[in-house]
Amino acid sequence: MPKLNVDGVVVEVADGATLLQAIRRAGKDVPTLCHDDRLKPIGACRMCMVEVQGSPVPVASCATPVKDGAVVQTATPALVAERRALLEMLAADYPADAPAAQPHKPFHQMLAAHGVTAKGARAAPRDDSHPYLHVDMSQCVTCYRCERICDEVQGQNVWTATGRGAFTVLSTPGGTSLNDSPCVSCGACASTCPSGAIDDKTVLQLGVPKHFTRTTCPYCGVGCELDVGVRDGRITQILPAMDSPVNKGHTCVKGRYAWGFLDAPDRVTRPLVRKGGALVPVEWDEAISFVASRMREILAAHGPSAVGVLGSSRSTNEENYVAQKFARVVLGTNNVDCCARVCHAPTAFAMAKVFGTGAATSSYDDLERARTILVCGANATENHPVIGARIRQAARRGAALIVIDPRRIELAEEATVHLALRPGTNVALLQGLAHVILRDGLADESFLQDRVIDLDAFRAALAEATPERVSSICRVPAELIVRAAHLYARTKPGLIVHGLGATEHRQGSDGVAALSDLALLTGNLGMPGAGVNPLRGQNNVQGSAHMGCEPSRLTGYVPVAKGKAAHEQLWGVAVPEAPGLDLMQMVDAAAQGTLRALWCMGYDVAQTNPHRQATIAALKKLELLVVQDLFVNETAAEAAHVVIPAAASFEKDGTFMNAERRVSRVRAAVAPPTPECKPDWVPLAELAQRLGHGARFAWQNVEQIWDEVRAAWPPGQGMAYRRLERHGLQWPCPDEGHPGSTLLHGESFPTGKTTKLAFARFEETPEHVSAQFPFLLVTGRTLHAFNAGTMTARTKNLELRPTDTLDIHPVDAGRLGIDEGARVRVTSARGEVELPARLTTNVTPGELFTTFHDVRARVNDLTSDVRDTSAHTPEYKVTAVSIAPVGAAG
């Protein structure tokens with residue numbers, strides 16, 4: 001490690017460090033305009049010039065590597081004079097009032113530090129078309145950081161420089177407004193701009209934050225770390241954590257800007273009880289007493305099998321732990337589940353079956369290490385935008401990219417190979433890839449011999465999965481199947497990431513198992529740059545199930561039979577033995593009248609379950625439905641007897657678990673709107689006390705709950721709160737001296753050194769097109785909205801995407817007389833909805849796509865009752881429908 005002298009201070013830095021990094025390590029600083037730690041250094045602004053002994057001229061410290069023994073001076077009179085001269089040139093036509101109006105901006109601080117005064121504004125474009133971003137190019141200092149961060153980090157290339165020298169202008173392509181440009185509203189340009197030329201409107205309107213609180217994003221399963229800026233008790237700005245190993249100083253439109261729901265006028269701030277058919281406000285004690293009384297009556301009359309609890313992916317690990325403990329200890333039932341059931345339950349089931357652990361085998365940083373990335377059923381740039389951006393950048397740096405998706409998603413534009421399969425045929429396609437790998441001698445024979453058994457039986461089972469036969473099933477040309485198989489097997493290490501396009505099928509579990517088979521066949525497991533990593537849908541969907549909100553699993557995702565004795569010792573009561581019901585089975589049982597009470601925490605079942613009307617009818621049969629949420633969601637409005645107000649993640653403490661097995665801290669940045677808006681565990685603990693189990697729920701804070709989680713979960717025992725304060729840890733982490741685990745299965749599996757490949761014969765889903773329903777509809781998510789829209793629909797994200805749309809190919813639209821934006825009636829065997837048309841060639845003729853975020857659209861009136869054969873996850877990706885322009889006959 002080289003040593004150098006910086007202004008008389010001797011420091012030691014890592015090999016490859018720049019002078020700027022060494023200067024900062026020495027406790028010194030130099031001004032920078034064009035530099036951002038997230039970007040490649042270019043040394044263009046000349047503000048960071050320093051003198052190095054032996055160098056004939058000053059050098060740009062941001063772009064100059066350290067040499068051992070260097071002697072550096074950062075603030076000689078000549079350097080200070082040069083910096084002042086550069087600033088005077090920039091200030092000559094800079095708005096005179098800007099520095100005083102925004103003294104916190106780095107450029108303005110440089111002017112003040114060097115005694116330079118802005119002289120006056122030049123004419124330049126202003127743009128306030130975007131709901132979150134203000135643009136005033138009279139404040140542009142042509143540092144190019146906006147252009148570079150949009151290119152190098154996000155990859156959207158919205159900002160471009162035109163002209164030369166003093167006539168350089170930064171603008172959007174074609175000079176369109178920012179709102180009409182390809183901008184994805186990540187806010188990276190505003191976060192890097194040193195002068196305020198691009199700025200967050202919330203800061204301009206609500207004021208510069210007085211302090212920041214580090215927390216974890218409440219949206220997708222990436223688990224971005226955020227710095228939440230607060231002024232006078234209100235959030236005025238959220239910035240990505242620059243030092244986060246998860247998001248590396250980046251975030252998306254939801255994490256960056258979509259916090260407005262906190263102050264929504266329809267926020268539930270008092271308990272509600274249904275009286276005379278309407279939900280009316282009541283005192284806290286009345287609501288809890290009512291629930292306790294009804295629970296006692298139902299348990300006494302019908303027993304524990306008649307009640308159930310649903311945890312939430314929007315709740316913390318601690319809250320989900322309490323929910324499942326409440327179900328098992330207080331209610332005496334294993335009827336406990338969470339919304340992992342409708343998304344990645346097949347992932348957990350299949351990966352646990354193949355690898356012994358139902359979670360990611362490696363880490364996000366392996367995206368940069370992989371030479372091949374296979375993306376299956378994951379529109380990552382929209383649904384996991386920070387990871388999507390990293391995948392795109394990896395492809396642009398030369399990694400091979402294989403995309404398996406029916407639609408031409410953004411990543412397909414970057415792909416080496418795009419396998420645009422027929423929806424519902426994942427298993428056939430993946431087995432075709434495995435067939436080619438074995439047929440063409442591409443398997444890692446050494447790995448297979450050491451780590452896999454029953455290869456011959458698997459090979460025989462795949463005999464019929466030839467590229468030609470598979471092509472006839474899934475419509476992907478045989479030569480592309482062969483090319484993809486060779487690419488993945490030959491260009492190692494190879495990393496697989498998959499999303500709901502892999503899981504939400506009748507054979508979702510079989511599809512994830514088939515992906516796992518590919519990793520085993522090629523030895524792409526247990527080493528950097530390789531593995532199988534699910535992109536989990538919600539912020540804590542990994543954690544909610546892992547805490548035990550799953551009918552067959554206890555804390556740590558341990559099977560009930562295996563973990564029963566340890567949990568009984570910890571809890572001091574018997575763990576119920578009777579098999580529990582999952583979400584879908586609970587809805588079935590409610591319809592049949594055998595499930596009579598349900599506590600639903602942070603989960604809009606009515607909005608998100610398939611065959612929506614049937615779900616609502618079942619919920620209305622319950623004798624007691626308690627909904628605990630921020631708002632009166634559809635489940636509450638349609639069927640709840642009691643609504644308990646909740647605290648949002650920005651208003652409470654705890655932890656989330658992201659898709660790379662990282663447990664990260666959640667911290668309260670602001671207070672909830674009323675004292676009745678409590679963390680989700682509090683009313684459950686109070687109810688437990690009223691039902692005679694208060695001593696077992698007598699925690700004083702969430703850290704005490706987490707310590708109990710650690711006691712119940714040996715692989716997590718090393719993750720004390722004090723160790724999670726900075727960036728969290730990845731499990732397994734069995735003791736407090738353990739650094740956490742970035743890779744799994746390097747030498748063995750939890751079940752032993754070897755495992756078996758999984759094979760399940762491909763079967764067509766019973767939901768198929770017909771003369772009556774000739775189109776195939778796929779449903780999913782989009783960038784600007786999140787799941788049921790409970791949060792995003794109460795933010796300015798609605799201005800970016802007001803409602804769900806129906807994506808239809810122009811050929812189909814032309815044939816049916818459907819114009820862009822026209823209302824389209826969509827009909828399935830279960831229901832009918834109306835959606836505005838969006839014409840796009842990203843879908844194949846005969847296929848449609850829509851999202852389910854707008855409660856008014858009620859898209860799940862269409863979706864079917866078909867479920868995954870193992871995990872019971874609904875088949876949201878295959879729905880047969882007919883379409884017609886609204887007003888057309890028939």
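This report walks through some features of a predicted model, from its strands to its rings and helices.

## A three-stranded open sheet

Strands β6, β7 and β10 form an open sheet in the order β6-β7-β10, and their pairing is antiparallel. At the edges you will find β6 (126-127) and β10 (198-200), each of which pairs on one side only.

Strand β7 covers residues 133-136, and three antiparallel bridges join β7 to β10.

## A six-stranded barrel

Another sheet has a closed form. Here six strands close into a barrel, in the order β33-β37-β34-β36-β35-β38, with mixed pairing. On average, neighbouring strands of this sheet are turned by 45° against each other, direction ignored.

Parallel pairing can be seen between strand β34 (residues 806-808) and strand β36 (residues 832-839), which share three bridges. Within this pair, Ile 808 has Leu 839 of β36 as its bridge partner.

## Aromatic rings

Next come the rings. The structure holds 11 aromatic pairs. One of them joins Tyr 94 and Phe 107: their ring centres are 5.0 Å apart and their planes stand at 70°, over the 60 degrees needed, so the pair counts as edge-to-face. Tyr 94 belongs to the loop between α2 (77-91) and α3 (98-101), while Phe 107 belongs to helix α4 (residues 106-113), so this pair ties together parts that are 13 residues apart in sequence. Tyr 94 has 0% relative accessibility and therefore counts as buried. Phe 107 also counts as buried, because its relative accessibility is 0%.

A further pair is made by Phe 326 and Trp 599, whose ring centres lie 6.5 Å apart with planes at 50°, so this pair is tilted. It links distant parts of the chain: Phe 326 sits in helix α10 (residues 317-330) and Trp 599 in strand β26 (residues 597-601), 273 residues apart. Both Phe 326 and Trp 599 are buried. They also belong to a cluster linked by ring pairs, together with Trp 681, Phe 697 and Trp 699.

## Charges over rings

The charged end of Arg 451 sits over the ring of Phe 749, at 4.4 Å from the ring centre. Likewise, Arg 794 lies over the face of Phe 631, and the distance to the ring centre is 3.9 Å.

## Two crossing helices

Two packed helices are described by the angle between their axes and the distance between the axes. For helix α16 (residues 426-439) and helix α20 (residues 478-490), the axes come within 9 Å and cross at roughly 65°. The crossing of α16 and α20 is right-handed.

Which residues make the contact? On the α16 side they are Leu 429, Gly 432, Leu 433, Val 436, Ile 437 and Arg 439. On the α20 side they are Ile 481, Val 482, Ala 484, Ala 485, His 486, Tyr 488 and Ala 489.

## A buried glutamine

The last stop is Gln 393, found in helix α14 (residues 385-396). Is Gln 393 buried or exposed? Its relative accessibility is 10%, under the 20% limit, so Gln 393 counts as buried. Leaving aside residues up to four places away in sequence, Gln 393 touches Asp 151, Glu 152, Val 153, Gln 154 and Gly 155.

Notes: Residues are numbered from 1 along each chain as its sequence is written. This is a predicted model: local features need pLDDT of at least 70, side-chain atom pairs count only at pLDDT 80 or more; totals for chains, interfaces and linings use all residues. Side-chain values use heavy atoms; hydrogens and water are left out. Two strands pair if DSSP finds at least two bridges between them. Helices (H or I, at least four residues) and strands (E, at least two) are DSSP runs, numbered from the N terminus. Buried means under 20% relative accessible area, exposed over 50%, partly exposed in between (1.4 Å probe, protein chains only). Contact means heavy atoms within 4.5 Å. Rings of Phe, Tyr and Trp (its six-membered ring) pair if their centres lie within 6.5 Å; planes under 30 degrees apart count as stacked, over 60 as edge-to-face and the rest as tilted. A charge sits over a ring if NZ of Lys or CZ of Arg is within 6 Å of the ring centre and within 35 degrees of the ring normal. Axes are lines fitted to C-alpha atoms, for helices over the stretch in contact, and angles run from 0 to 180 degrees between N-to-C directions. A crossing is left-handed if the near helix is turned anticlockwise from the far one by less than a right angle, and right-handed if clockwise.
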